Amino acid sequence: ILEAWESRQHSFCSPGFGRASIGYCRRVVRSEGQVARLGYKIAAENVFVEVEGGNDTGIEMIFVCDNTYKPKGVVLSVACPSQIVEYKNHISSDYWGKARMFLKEHFGENFCTVGLCSAAGDQSPRDTLRWLDGIEPSMQDIEGTIFVGKCLANAIIEAFETAKHTLTDKIALNHKTKILNLPIKKVSDEEYASAKAHLDAYIKQADKDVFNFEDMIRIHPEVGTLFYYNWQQGIDSLPVEIHVVRFGDMAIASNPFELFLEFGNQIKVRSKAKQTMLIQLASDKMGYLPTAKAEEQGGYGTSIFSCLFDHTGGELLVEKTLETIKSLFE
């Protein structure tokens, strides 16, 4: 931080905007009880009803150039997690690393890319409706990261062609930090009793002392429910830190959740800023924050073992974020 501060230089900035189809809603509604689940290869099951939510192809950007107007870097937010190569036994920079590679080829080796994740708690870099193995690059392996990285880099390069005409060193800058006390999601006595009964039955049926990874996956919901029931005693709310920045005509707003896309869309549409860049999983990581519709469907990302708050917390987050944005633009 000290090195960055002491080496700062006179620069020019410009907002930018591009489009790339990277994220897709990963929650699929099934005909069997209308239960949502992760949308991975469900077509063969013949129970597909609908994809629960939408996606966001828009990408908010901020370009930075030196005092000769040469591009130095870009800050951008994409509504999709970088998890093409999840479940692998190696470390990967995923699609961000490939995007950086293509951008350095275009803008120069010193070009810096700051990749951020927008509201994307229900998003995935895989097309929920189509599984085109052998037709398109695999969205579960390295070739998928190259494909998406190139799409993203192309969108950034194209956006700069417009943004370079609005570069300025006169930028309104203001920053507010808010601590919100959001009500936590509570495990009921009935949910506790049901989880305990299921866990006890599983342990009895397993009839063993050592449980492996597959066992842990099967009992994770029950263990999580019991843990949170004991943890929540005497707690009704938790402090949540958010940051809101005015950067020229753009607002930048952070949250510590895997925030479902619909909440992010509400902030973007109602924001007083010309553009609004969102950053999730910032300042902390406090689990998923699902919508009311998602909670009705159920499934991973809505249950107590994967989120501390319910949709009422998300609605409060939206309103407080919008209030703070408005205060910075009045």
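**Entry 1, the largest cavity.** I looked up the largest cavity, and its volume is about 40 Å³. On a 1 Å grid over the protein atoms alone, a cavity is a set of points where a 1.4 Å probe fits but cannot get out, and lining residues have an atom within 4 Å of a point. Points are joined across faces, edges and corners, and a volume is the space filled by probe spheres set on them. This is a predicted model, where local features need pLDDT of at least 70 and side-chain atom pairs count only at pLDDT 80 or more, while totals for chains, interfaces and linings use all residues. Residues are numbered from 1 along each chain as its sequence is written, and side-chain values use heavy atoms, leaving out hydrogens and water.

I found Ala253, Ser254, Leu317 and Thr321 among the residues lining the largest cavity. Strand S12 (250-254) and helix H8 (311-329) each give at least two lining residues; helices (H or I, at least four residues) and strands (E, at least two) are DSSP runs, numbered from the N terminus.

I noted Asp56, Thr57 and Val78 as part of its lining.

I then checked the largest pocket, at about 840 Å³. A pocket is an open set with protein on both sides within 12 Å along at least five of seven lines. Of its 27 lining residues, Cys13, Ile62, Val64, Val75 and Phe247 are the closest to the centre. Strand S7 supplies the largest share of this lining, 4 residues.
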